[in-house]
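Colleague: I am new to this one and would like to learn how to read it. Could you walk me through its features step by step?

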Amino acid sequence: MECLQMVFKLLPNWKREAEVKKLGYKVHGDPFSTNTRRVLAVLHEKGLSYDPITVKLQSGEHKTEAFLSLNPFGQVPVFEERNVKLSESRAITQYIAYVHSPRGTQLLNLQSHETMAILTMWMEIEAHQFDPPASKLTWEQVIKPLYGLETDHKVVKENEAILEKVLNVYEKRLQESRFLACSSFTLVDLHHLPNIQYLLGTPTKRLFENRPKVHKWVDEITSREAWKMACDQEKSWFNKQRKLRTKSKQK
């Protein structure tokens, strides 16, 4: 029985390694990085295997000549597929979702010009309206403490005020639609996940909880199995070693 259990435990790794070799997907990043997790989430939604390559952000590895040859802006993640090399997490997620459209979760609603436009519009809203204040709040309340830096509560207050206005728009939208772009889960919702997950471990959590429709939406998207896997270092980074002084508050 013990031998059989061991075979079942190892078999998924064999399959993963075979698919990694076939697809040639590589993700250069950090399993706790919000942008890296965005890419991991779409890979897990599609059930795709990949080779995770750790970029040690705390030691400044993303600013070395070797990494800058992959992304001259010195930011993670970088996605590689043989001759394809992409940076910018949202571009990567769209590429993967489009290439593997028939597989796994349908993350792109491109049934018509109208649905495509609405999807694109909400992705732009996430990137330009939601992400700026949410990222600053994550930096101040989650990332800075990991580096031993003090949270600037003035910056937190200012950005919570901005985020509240965005969430008020979301609350109204979610009264009309189960998800932001349409009635099904898409890249729009997925793109929000990394910052939301971190902010749920901070006082900013109340901004999501105080809005019934937003609260329900957050509960639904954060409970997705693919997202849970993206947040689990052992499942998303396959036990590859990574040095960190302190683990994140991510649950």
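Modeller: Gladly! Let us begin with the surface: the accessible surface of the protein chain comes to about 13700 Å², and 54% of that belongs to carbon and sulfur atoms. Accessible areas come from the Shrake-Rupley method with a 1.4 Å probe, and for residues only the protein chains shown count as cover. Please keep in mind that this is a predicted model, where local features need pLDDT of at least 70, side-chain atom pairs count only at pLDDT 80 or more, and totals for chains, interfaces and linings use all residues. Residues are numbered from 1 along each chain as its sequence is written, and side-chain values use heavy atoms, with hydrogens and water left out.

Colleague: How many helices and strands does the protein chain have?

Modeller: Helices (H or I, at least four residues) and strands (E, at least two) are DSSP runs, numbered from the N terminus. Here there are 11 helices and 4 strands.

Colleague: What share of the residues is buried?

Modeller: Buried means under 20% relative accessible area, exposed over 50%, and partly exposed in between (1.4 Å probe, protein chains only). Buried residues make up 47% of the 251 residues in the protein chain.

Colleague: How many salt bridges are there?

Modeller: Side chains of opposite charge can pair when their charged atoms come close. We call it a salt bridge when a side-chain nitrogen of Lys or Arg is within 4 Å of a carboxyl oxygen of Asp or Glu. The whole structure holds 11 salt bridges. One of them joins Glu45 and Arg224, whose closest N and O atoms are 2.7 Å apart. Glu45 lies in helix H2 (residues 34–45) and Arg224 in the loop between helix H9 (212–222) and helix H10 (225–231), so this pair ties together parts 179 residues apart in sequence. Glu45 is buried at 10% relative accessible area, whereas Arg224 is partly exposed at 24%.

Colleague: Which partner does Glu140 have in a salt bridge?

Modeller: Glu140 pairs with Lys144, with 3.1 Å between the closest N and O atoms. The two are 4 residues apart in helix H5, so about one helical turn separates them. Lys144 is buried, at 12% relative accessible area.

Colleague: Which residues form a nonpolar patch on the surface?

Modeller: Patches are made of residues with over 30% relative accessible area and no salt bridge; like charges are joined within 9 Å, and nonpolar side chains (Val, Leu, Ile, Met, Phe, Trp, Tyr) within 5 Å. Tyr98, Val99, Leu110 and Met116 form such a nonpolar patch, with about 400 Å² of accessible area together. Leu110 sits in the loop between H4 and H5 and is partly exposed, at 41% relative accessibility.
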